[in-house]
Amino acid sequence: MQSLQTNPFLGTDYLQFGNSKQQELARDLEEWKILKSLNGFKPTLAGTIPLDIDTDSSDVDILVKFNIPAHLQKICYAKFRNLPNYSFSEKTMALRVTLICRFETKRFQYEIFGQSLEPTDQYAWIHMMVENRFLTLADPTFRDEIRNLKKQGIKTEPAFCKVLDLKGDPYKTLLVWNQKSDEQFQELLLKRGFQTNPN
């Protein structure tokens with residue numbers, strides 16, 4: 001497990017020092033006690049807002065781990081059912097029971113995504129870590145290209161694969177890149193015409 005010192009995304013302090021939307025999210029999470037309400041489920045932020053590649057329509061993704069599905073459903077119902085557009089659903093994704101709770105505050109749309117896996121073992125987290133490495137190693141024009149594609153309605157993982165010219169299923173492809181070295185990341189970025197930053 002990575003420590004907060006090596007990975008700020010494991011906590012939320014970085015939001016308070018981030019861009020205006022990230023700071024606004026920090027206030028919203030606190031005001032509605034969203035993460036505190038989910039404390040027993042290891043709530044972990046993921047998605048585009050932490051990476052600063054969000055658009056106006058981006059929601060806030062919160063990954064959680066449950067041991068007993070009904071426990072998560074009970075907490076979500078107790079804490080969030082009175083918020084606008086509350087919904088709770090169960091799906092099977094990659095052969096796993098997956099619980100999804102959605103609701104809104106005045107400022108943000110939230111999606112709680114629960115599996116019986118540690119949040120840091122869930123695909124959404126691994127995707128975010130890979131995306132963050134590309135964003136960190138590439139010059140700012142890379143982030144701009146990702147943002148532009150997202151504004152056109154392209155989802156995050158397909159946007160990365162399009163800019164990087166990676167073939168195949170974008171969601172599976174990014175998982176594979178989690179095993180690669182920074183040198184391989186930089187090599188691909190240079191091949192695609194982006195300057196790279198020293199890590």
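**Sheet.** I began with the strands, and 5 of them form an open sheet in the order S1-S2-S5-S4-S3, with mixed pairing. Strands here are DSSP E runs of at least two residues, helices are H or I runs of at least four, and both are numbered from the N terminus. Two strands pair if DSSP finds at least two bridges between them. Strand S1 (44-46) and strand S3 (87-93) stand at the edges; each has a single partner strand, so one side of each is left without a neighbour in the sheet. The twist averages 25° from one strand to the next. For angles I used lines fitted to C-alpha atoms, for helices over the stretch in contact, with values from 0 to 180 degrees between N-to-C directions.

I then looked up one pairing. S3 and S4 are antiparallel over 7 bridges. Thr92 has Val97 in S4 as its bridge partner.

**Ground rules.** This is a predicted model: local features need pLDDT of at least 70 and side-chain atom pairs count only at pLDDT 80 or more, while totals for chains, interfaces and linings use all residues. Residues are numbered from 1 along each chain as its sequence is written, and side-chain values use heavy atoms, leaving out hydrogens and water.

**Helices on the sheet.** H2 lies across S1, S2 and S5 and runs at about 70° to S5. Helix H5 (residues 69-80) lies across S2, S3, S4 and S5, at about 0° to S4.

Buried means under 20% relative accessible area, exposed over 50%, and partly exposed in between, with a 1.4 Å probe and protein chains only. The core has 55 residues, and Ile62, Phe134 and Phe142 touch the most other members. Helix H6 (residues 123-137) gives the most to this core, 7 residues. Beyond four places in sequence, the contacts of Phe134 include Phe142, Phe160, Trp177 and Phe185.

**Aromatic pairs.** Rings of Phe, Tyr and Trp (its six-membered ring) pair if their centres lie within 6.5 Å; planes under 30 degrees apart are stacked, over 60 edge-to-face, the rest tilted. I get 10 pairs. Phe103 and Tyr110 have ring centres 5.3 Å apart and planes at 20°, so they are stacked. Both Phe103 and Tyr110 are buried. Phe142 and Phe194 are edge-to-face, at 5.2 Å centre to centre and 90° between the planes. They link distant parts of the chain, 52 residues apart: Phe142 is in helix H7 (residues 140-151), Phe194 in the segment after helix H10 (182-191). Ring pairs join Phe134, Phe142, Phe160, Trp177, Phe185 and Phe194 into a cluster.

**Salt bridges.** My rule was a side-chain nitrogen of Lys or Arg within 4 Å of a carboxyl oxygen of Asp or Glu. The count is 12. Asp54 bridges to Lys21, with the closest N and O atoms 3.0 Å apart. Asp54 sits in the loop between helix H4 (48-51) and strand S2 (60-65) and Lys21 in helix H2 (residues 20-31), so the pair ties together parts 33 residues apart in sequence. Arg107 bridges to Asp28 at 3.4 Å between the closest N and O atoms. Asp28 is buried at 1% relative accessibility, whereas Arg107 is partly exposed at 40%. Glu24, Asp28, Glu31 and Arg107 are linked in a network of salt bridges.

Definitions and conventions:
A nonpolar core is a set of buried Ala, Val, Leu, Ile, Met, Phe, Trp, Tyr and Cys residues joined through side-chain atoms within 4.5 Å. Contact means heavy atoms within 4.5 Å.
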